[in-house]
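Here is a friendly note to read with the model open beside you. Take the points in order and find each residue as you go.

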Amino acid sequence: MATSTGRISSLTSERLPASRARRRRSMQPGERIVLWASRVVIWCIIVMVLLPMWFVVIASFNPSNSYISFSLFPANASLANYKALFQGGQFWTWVRNSLLVGVVVAVAQSFITAMSAFAFSKLRFYGRKYGLMTLLLLQMFPNILAIAAFYTALAKLNMIDMLGSYILVMLGTSAFNIWLLKGYMDSVPRELDEAAVIDGATTWQRFIHVTLPLSTPMMVVIFFLTLVGIFSEYMFAGTILQSPWNYTLGVGMYNLISGQFAKNWGEFAAAALLSAVPLAIVFAIAQRYLTKGLVAGSVKG
């Protein structure tokens with residue numbers, strides 16, 4: 001036992017210097033140049049991304065209501081734009097409407113997308129292949145082509161200027177999300193479905209208890225992307241919603257700078273910063289699932 005222990009210790013002592021030498025190997029001049037060049041490129045990209053955001057911050061604190069500034073710090077910083085934004089409570093109304101529409105549409109659209117992706121992934125039916133291809137082809141046409149049709153239909157039904165009408169229009173699922181979630185569901189082992197069928201599970205039970213829990217990370221990604229899309233959507237909201245108390249953030253913020261003689265760039269910048277707070281909170285809460293879903297979506301399917 002003692003001799004074997006001594007041999008092991010001697011072998012370990014012989015291997016340690018070699019491993020340390022490999023770890024302490026100095027970098028070649030070419031490797032150092034590539035490393036520092038990549039760092040410089042990364043920092044340049046970071047500055048290019050953050051600089052426009054910094055000018056928005058400056059504009060929000062600039063009492064002169066000017067959007068363009070040639071200084072990195074405002075000369076006479078004040079909260080006048082924020083105070084003007086909150087006067088009358090219109091901004092809170094826009095935030096409330098956007099949150100209501102965003103949460104309802106994101107939840108409903110995620111569930112509809114999940115059911116559609118499950119059908120295309122796990123079920124076999126006539127027209128399955130060409131049905132999904134048709135959805136992708138329809139997604140190639142821009143949404144602006146459907147505005148006139150939606151407006152005419154809602155006008156005939158007396159449903160213009162209603163949040164419910166806007167929610168109904170935005171409930172249309174995205175073919176891209178269906179394709180994305182289908183690829184993720186394809187990675188769920190078929191043996192789990194077969195075991196559920198053997199146990200007597202119905203198609204709905206397979207969807208609810210087997211496939212859907214395993215697809216939670218990608219579902220969170222689709223929910224967050226849909227919520228972000230609703231917050232930044234303007235075309236349909238500007239067409240359907242016509243009363244100030246029904247405005248979403250996109251329509252309300254556009255009206256701040258659409259006046260012919262009054263363009264409130266300072267209030268617009270303040271609203272742009274504050275409108276990112278709800279999305280940042282949602283991102284912080286769901287960050288773990290978002291990271292897992294995005295990474296898994298890039299390697300699965």
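1. Start with Lys122, which forms a salt bridge with Asp193, the closest N and O atoms being 4.0 Å apart. A salt bridge here is a side-chain nitrogen of Lys or Arg within 4 Å of a carboxyl oxygen of Asp or Glu. This pair links distant parts of the chain: Lys122 sits in helix H4 (residues 90–122) and Asp193 in helix H9 (residues 190–198), 71 residues apart. Helices are DSSP runs (H or I, at least four residues), numbered from the N terminus. Both Lys122 and Asp193 are buried, a word used for residues under 20% relative accessible area, with exposed meaning over 50% and partly exposed in between (1.4 Å probe, protein chains only).

2. A word on the source before you go on: this is a predicted model, in which local features need pLDDT of at least 70 and side-chain atom pairs count only at pLDDT 80 or more, while totals for chains, interfaces and linings use all residues. Residues are numbered from 1 along each chain as its sequence is written, and side-chain values use heavy atoms, with hydrogens and water left out.

3. Salt bridges that share partners join Lys122, Asp193 and Arg206 into one network.

4. How many salt bridges does the structure hold? There are 3. In one of them, Lys182 and Asp186 meet at 2.8 Å, N to O. Because they are 4 residues apart in helix H8 (residues 175–186), about one helical turn separates Lys182 from Asp186. Lys182 is buried at 14% relative accessibility, whereas Asp186 is partly exposed at 36%.

5. Now look at the second largest pocket, with a volume of about 180 Å³. On a 1 Å grid over the protein atoms alone, a pocket is an open set of points where a 1.4 Å probe fits, with protein on both sides within 12 Å along at least five of seven lines; lining residues have an atom within 4 Å of a point. Grid points are joined across faces, edges and corners, and the volume is the space filled by probe spheres set on them.

6. What lines this second largest pocket? Among the lining residues are Val228, Phe231, Met253, Phe268 and Leu279. Helix H11 (216–232), helix H13 (249–257) and helix H14 (265–285) each supply at least two lining residues, and H13 gives the largest share, 5 residues. By class, the lining has 8 nonpolar, 3 polar and no charged residues. For these classes, Ala, Val, Leu, Ile, Met, Phe, Trp, Tyr, Cys and Pro count as nonpolar, Asp, Glu, Lys and Arg as charged, and the others, Gly among them, as polar.

7. On the surface, find the nonpolar patch formed by Leu137, Leu138, Met140, Phe141, Ile144, Leu145, Tyr234, Met235 and Tyr254, with about 970 Å² of accessible area together. A patch like this is made of residues with over 30% relative accessible area and no salt bridge, with nonpolar side chains (Val, Leu, Ile, Met, Phe, Trp, Tyr) joined within 5 Å. Areas come from the Shrake-Rupley method with a 1.4 Å probe. Leu145 is in the loop between helix H5 (128–139) and helix H6 (147–156), and Leu145 is exposed at 57% relative accessible area.

8. Finally, two backbone angles deserve a look. Asn158 has a phi near 55°, a positive value in a residue other than glycine, and Asp161, also not a glycine, has a positive phi of about 65°. Asn158 is found in the loop between H6 and helix H7 (163–170), and Asp161 is in the loop between H6 and H7 as well. Is each buried or exposed? Asn158 is exposed at 67% relative accessibility, whereas Asp161 is buried at 18%.

Conventions
Patch = residues over 30% accessible without salt bridge, like charges linked within 9 Å, V, L, I, M, F, W, Y side chains within 5 Å.
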